[in-house]
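Welcome! Here is a short tour for anyone meeting this structure for the first time.

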Amino acid sequence: MNILNLMIEGAPIENLITFTFFIGCMAMMAASVFFFLSMNSFGEKWRTSILVSGLITFIAAVHYWYMREYYMDTGSSPTFFRYVDWILTVPLMCVEFYLILKAAGAQKSLMWKLILLSTIMLITGYIGEGLHNDDGQAWLWGLISGIAYFAIVYEIWLGGAAKLAASAGGAVQAAHKTLCWFVLVGWAIYPIGYMAGTEGWYSGIFGGLDMDVIYNVGDAINKIGFGLVVYQLAVDSK
Ligand SMILES: *C/C=C(C)/C=C/C=C(C)/C=C/C1=C(C)CCCC1(C)C
């Protein structure tokens, strides 16, 4: 079935959901091409960072292709593909923090700490959304996931990463700050999607919203936005 058929035949909300999977896939592809092609115009120092930006959007593009198909075939959320995508791309975003702070003396331990926290956040989120969606326990797994999320926010805003950014100063500090805002505000979109898509005391608050649309919008903002911040940093410090 192609997307145009679905848009004509399906109910309006299904059209919107399918459309956001489709447009998400295209946007991720376009961003990947942009990052990969611009990579070699930068010096050694920034090339890896731009490569990682491209990998994040490329991995997402491939998953969006499958998620779109899964959604069109089954009419239900592609939870498994969603979390496989995240478990690959979110740690890569943690790597970005490490890479831009490396020159300021960041240790690998900072990277592993962020990766560990993000893995806890996503595994508990998957357990809640995939296994406890409607048995009244989703909130508990969401809460544990949220605690790991706040630990990440703490580390980058006020912990070791923040101190390194302050000591680096200039364009690096500015870029770090912007990435911090992405994590605080942009990543906060995801728990809203989770609450819209699982049963709990919060059911109804986000009643009119669709989980997949929220996640898709969040991914576009965060994955492409993150990459562009890193790209801008490389341009500024050329
Ligand atoms: C590219 C994908 C990104 C940046 C995904 C980020 C996902 C999150 C920050 C998810 C967070 C969640 C919570 C904080 C609580 C509820 C469960 C999650 C996994 C949706």
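Among contacts in the protein (heavy atoms within 4.5 Å) between residues at least 6 apart in sequence, 74% join residues at least 24 apart. This is a predicted model, where local features need pLDDT of at least 70, side-chain atom pairs count only at pLDDT 80 or more, and totals for chains, interfaces and linings use all residues. Residues are numbered from 1 along each chain as its sequence is written, and side-chain values use heavy atoms, with hydrogens and water left out.

The protein has ten helices and zero strands (DSSP runs numbered from the N terminus: helices are H or I with at least four residues, strands are E with at least two). The radius of gyration, 18 Å, is close to the 18 Å that the globule rule gives for 238 residues, so the protein is as compact as a globular protein of that length. That radius is taken over C-alpha atoms, and the rule is 2.2 Å times the number of residues to the power 0.38.

Here are some whole-protein values:

| Property | Value |
|---|---|
| Box filled by C-alpha atoms, along the principal axes | roughly 55 × 40 × 25 Å |
| Residues that count as buried | 48% of 238 residues |

Buried means under 20% relative accessible area, with a 1.4 Å probe and protein chains only.

Now look at helix 4, residues 79-101. Its end C-alpha atoms are 33 Å apart, which agrees with the 33 Å that 23 residues should span at 1.5 Å a residue; the expected span is 1.5 Å times one less than the number of residues. Helix 4 is also mostly covered, with 18 of its 23 residues buried.

Notes:
Buried < 20%, exposed > 50% of the residue type's maximum accessible area, 1.4 Å probe, protein only.
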